[in-house]
Amino acid sequence: MDNITTRYKALLDTLPEGVEMVAVSKFHPVEQLREAYEAGARLFGESRVQELVAKIPQLPTDIRWHFIGHLQSNKVRQLISTRAVALIESVDSEALLRRIDAEAERADVNARVLMQVHVAQEETKFGFTPDEILDFFRRGAYCDLRRTHICGIMGMASNTDDTARIVADFAALADIKRRIQQLCPDLRGFDTLSMGMSDDYPLAIAEGATLVRIGTALFGPRT
Ligand SMILES: *Cc1c(COP(=O)(O)O)cnc(C)c1O
């Protein structure tokens with residue numbers, strides 16, 4: 001039978017040790033999240049603050065929520081105040097990072113984040129370019145963060161059928177993570193490489209992903 005439970009277990013079986021899966025539940029109703037939870041899922045990814053805030057109280061408290069969408073500055077306080085977000089994967093500007101840190105301090109919590117890096121072909125205004133993110137770390141711009149821990153980077157491959165291009169994008173992200181670790185040997189706990197989605201996650205794992213974000217392959221198409 002093809003349902004969320006069997007798909008969850010089948011997906012887990014494809015993950016090597018050391019790779020975690022975020023169940024990307026955006027746009028899916030809480031009943032479906034509950035089914036994934038019953039199957040064992042504890043890591044869920046949402047891309048809109050409103051939707052996340054509505055879902056949190058309806059589901060068990062041992063879920064670790066990841067925020068994976070574009071985060072507007074004026075939503076940061078609401079997101080942090082849930083106290084339920086384990087990782088903000090989509091920090092796409094230094095201004096947003098500062099805002100998160102300020103709000104975490106205000107709420108007296110620690111924030112954990114990934115820096116979103118843009119390597120894909122498509123034009124987007126979201127994410128640091130490779131040059132920008134290397135410059136950020138070269139400048140030591142993370143040193144004065146008070147309540148925010150940068151745990152690694154997140155990225156996406158080009159939206160294409162060209163496997164070579166996808167592999168090159170993932171390799172570029174892995175290379176950026178390595179270069180940051182070389183630039184900043186004092187950086188502790190900078191080890192997460194979040195890349196790979198339903199259609200391309202095995203390629204991402206082959207290039208060094210430690211976290212894959214899977215929506216459609218688990219929950220089916222979003223409506
Ligand atoms: C929606 C989304 C995913 C999941 O995509 P699928 O193709 O449905 O697996 C992964 N990452 C991000 C950032 C997303 O917004």
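In which hand does α1 pass α2, left-handed or right-handed? In this predicted model, α1 passes α2 in a right-handed crossing; that label applies when the near helix is turned clockwise from the far one by less than a right angle, and left-handed when anticlockwise.

Welcome to a short tour. Residues are numbered from 1 along each chain as its sequence is written. Local features need pLDDT of at least 70, side-chain atom pairs count only at pLDDT 80 or more, totals for chains, interfaces and linings use all residues, and side-chain values use heavy atoms, without hydrogens and water.

The two helices are DSSP runs (H or I, at least four residues). Their axes, lines fitted to C-alpha atoms over the stretch in contact, come within 9 Å and cross at roughly 50°.

| Helix | Residue range | Residues in the contact |
|---|---|---|
| α1 | residues 4–13 | Ile4, Thr5, Tyr8, Lys9 |
| α2 | residues 30–39 | Gln32, Glu35, Ala36, Ala39 |

By class, this contact has 4 nonpolar, 2 polar and 2 charged residues.

Within α1, Ile4, Tyr8 and Leu11 are buried, that is, under 20% relative accessible area. Seen down the axis of α1, these buried residues fall within an arc of 70°, so they line one face of the helix. Their cover includes β1 (20–24), α2, α8 (201–206), β8 (211–214) and α9 (216–219).

Elsewhere, Asn159 lies in the loop between β6 (148–156) and α7 (163–183).

Conventions:
Axes are lines fitted to C-alpha atoms, for helices over the stretch in contact, and angles run from 0 to 180 degrees between N-to-C directions. Contact means heavy atoms within 4.5 Å. Ala, Val, Leu, Ile, Met, Phe, Trp, Tyr, Cys and Pro count as nonpolar, Asp, Glu, Lys and Arg as charged, and the others, Gly among them, as polar. Buried means under 20% relative accessible area, exposed over 50%, partly exposed in between (1.4 Å probe, protein chains only). The arc is that of the directions from the helix axis to the C-beta atoms.
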